[in-house]
Amino acid sequence: MTLLLQTLIFGVLIGGVYALMSSGFTLIFGVMQVINLAHGALLILGAYLSWWMWRHTGVDPLLLGVGTSVIMYGVGWLLHKAVVSRVQRIDPGLTLVASFAVAIAGEGVIALVWGTSRHSATPSYFNTSYHLGSLIVPKAQLYACLGAIALLGLLFALLHGTFLGRSIRACATSRDGAALVGIDVDRCMTQMFAIGTATTGFGGAALAVLYQFIPDSQDVWIGRVLCIVVLGGLGSLGGAAAGAVLLGLAESMTSAYWDTRWTTAVPYMLIIAILLVRPQGIFGTTLRREGAPA
Amino acid sequence: MHHGNATRRWMRAITAASTAAALTLTACSSSSTGTKGRSSSGPITIGMSLPLTGPVADNSKGGYQGYQYWADEINAKGGLLGRKVKLNVLDDGFNQNTAIADYTKLIGQEHVDLLLGTFSSFLNLSVAQVAERNKYVYIEPSGGADSIFARNFKYLFFAQPATTKNLPDRFVSLIQSMPAAQRPKTVAFVTQDDPNTSEAAGLFKTQLAGLGVRSVYNSTYAPDTSNFDAIANSIKQANPELVVHGALGDDGPSLIRSFQKVGFSPKMLFQTNSPADPSYASSIGASNTEGTFTALAYSSEAPFPGNSAFVSGYTAKFKGAPSEDAANSYTAGQVLAAAVTAVGKIDQSAIADWLHSHTVQTIVGPLSWSSSGQPKGSLLLAQWQSGRLQIVAPSSAATSKTVVYAKPAWQ
């Protein structure tokens, strides 16, 4: 029984971390229909920035994640203005290729700036845990998980409680309709992309504390993020959270009760199962598309 | 690298292939002024193709520099057989087909005098065949997979003291030398799913079982595993006295971090590869390295002839300490130079015969080979002690006379 409870705790905490990593990706897709393959590289950039600031200031890397988020907001804003919006005007489908190119170029730039050695931030709690009787709650995972809950709450409040959020949701429903009622669609899209990218600031900070990373680590994370959002339903914040927890639990349970060799295959098995039973994902909805412009 | 989608891998392959092709063309044009056809005057050309671009480009940079350092050093001393040495280096982009094409070209079109090897078992598996077919001595700096030597090639030589087959030897001997009452009674095996580590883990299992050490946990995990908490917790439940971890890179520190989180500290810990990584101590905390064992093919501190001069010279030249790959390249050069000098002429068959019957003193220790080119030595057994990776066996190379048998608890 203890092993089961412990495995569930590990699974939920890992799931929380995964939710943190994937929230920006699903937000950008939900509103802009852009599959941002540079998300993994942006997470790693966030990790490098947090690690670098932690090393030079000694301030807690998770707290520095707030500052990193501001920087990543700026990176997202620039990326949208310089690449995404321009490519979208030519062909919206090209954003997939463009963001992939940004990911490769970004990996190269990160390697040039920080080298290819492995890094990780090691604050005092990185390898310690809270003990609840015989149960263990790793501190870093717990803090990252709480950060994920706070971040998802903030994003939810932003989307539902502010004018910008309502404008963004209006754009997500119908860009033409939003423009007709006076919403600056281009500005909304840029804001949305920048906000989605800003999440990689805190996500990257958590990654820096929980894992070791190199520029190439983006491959693992973009793969995992794609699994999570497909599981939960592309574009659904709640779905991303549910998909992330489901994935975390599945990985932990496989590791504890089945075979560690299968742990990383579990996401793909889950995806196949979900696509067969519910192609739109757990929380995804099928929407009628806007008519093609004449 | 392990987890990317298919599109990404294809794009990478295309990019790597284009880059390799471009660099090969550049190399072709730049080598047009070099030696065409073997001659007994002028510089001795030594051909090689290295993965200078592609997924292992960062690692192979040190290997290339090791060769450069060796060539510069030998030229400063007057060259080989009184002739200057000139390296003819192509880029294979870590692509097997490109590597085969490059070595074929170096032999058939460039008519290089000698060859030196590329990196990894992956590339050397096929390149060694090209060299053998053309009867060229092929000294490889890395690539210790059994399958390479199973073909009994005459011209192939491995420039490291041992292969994976001998990896457990010194650690198992150490366990055997302990008084029976102090020996660990139980062991957990946890291994990354990789040919190198899996083979080593299999050998450890057999040899430790022979000493009566009972296995209480055994698992293999996928290469892209990043969460080790559940694995560490399962090992904690099994409560082994010794943990043997077949690690390759960041999985070594990751498992230790998870051990710390779940509050489990084995009395003895052996990890492959990871403890020699420069970021190992910083990723788990320097004090937590104490007592961890590993096997090394090379140590910059080993007191073998020429090693300390190599380390200081290389560090001054490239502004950084030599990696194991750099040392292995330099060693391959040392082996080639020793054989050519002893034979007194460039005669591939005579060079191969000489290497099969002699021992060469190198910076990784004395090297000699079986008929299939496999080295006859053993790896070094190293242990982290007071924040430094010290060699504890063999005694001829030891940098520390003490062994920490009981690993202290995590700090």
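The crossing of helices α1(A) and α9(A) is right-handed. In this predicted model, the two helices pack at an angle of about 70 degrees. Their axes lie 9 Å apart. An angle from 65 to 115 degrees counts as roughly perpendicular, and α1(A) and α9(A) are therefore roughly perpendicular to each other. On the α1(A) side, the contact is made by Y18(A), M21(A), S22(A), F25(A), T26(A) and F29(A). Helix α9(A) contributes W221(A), R224(A), V225(A), I228(A) and V229(A). Sorted by class, this contact of α1(A) with α9(A) holds eight nonpolar, two polar and one charged residues. Residues three or four places apart on an α-helix point the same way, because a turn takes 3.6 residues.

From α3(A), the residues in contact are L79(A), V83(A), V84(A), V87(A), Q88(A) and I90(A). They meet L94(A), T95(A), A98(A) and V102(A) of α4(A). The contact has eight nonpolar and two polar residues, and no charged ones.

Helix α5 of chain A spans residues 139-161, 23 residues in total. From first C-alpha to last, α5(A) reaches 32 Å. This is close to the 33 Å expected at 1.5 Å a residue. Buried positions in α5(A) are A140(A), Q141(A), Y143(A), A144(A), C145(A), G147(A), A148(A), L151(A), L152(A), L155(A) and L159(A). The cover over these buried residues of α5(A) includes α1, α3, β2, α6 (163-173), α8 (185-210) and α10 of chain A.

The two chains also touch. Across the interface, 29 residues of chain A are in contact with 33 residues of chain B. On the side of chain A, α1 (2-32), β2 (135-138), α9 (218-232) and α10 (237-257) each supply at least two residues. The largest share, five residues, comes from α1(A). By class, this side of chain A has eight nonpolar, 16 polar and five charged residues.

Chain B contains 13 helices and 14 strands. Of its 411 residues, 49% are buried. Among contacts in chain B with a separation of 6 or more, 72% link residues 24 or more positions apart.

Several backbone features stand out in chain B. A cis peptide bond joins A393(B) and P394(B), with omega of about 5 degrees. P394(B) sits in the segment after β14 (388-393) of chain B. Two asparagines have positive phi values. N152(B), not a glycine, has a phi of about 55 degrees. N152(B) is placed in the loop between α5 (146-149) and β5 (156-158) of chain B. With 12 other C-beta atoms within 10 Å, N152(B) is exposed. Phi of N273(B), also a residue other than glycine, is near 60 degrees. N273(B) lies in the loop between β9 (268-271) and α10 (280-284) of chain B. N273(B) counts as buried, because 24 C-beta neighbours lie inside 10 Å.

Conventions:
Residues numbered from 1 in each chain as written. Chains lettered and ligands numbered in written order. Predicted model: local features only at pLDDT ≥ 70, side-chain atom pairs only at ≥ 80, totals over all residues. Contact = placed C-beta atoms within 7 Å. Helix = DSSP H or I, 4+ residues; strand = E, 2+ residues; numbered from the N terminus. Nonpolar A, V, L, I, M, F, W, Y, C, P; charged D, E, K, R; others polar. Expected span 1.5 Å × (residues − 1). Buried ≥ 20, exposed ≤ 12 C-beta atoms within 10 Å, placed from the backbone. Axes fitted to C-alpha atoms, helices over the stretch in contact; angles between N-to-C directions. Parallel < 35°, antiparallel > 145°, perpendicular 65-115°, else oblique. Left-handed = near helix turned anticlockwise from the far one by under 90°.
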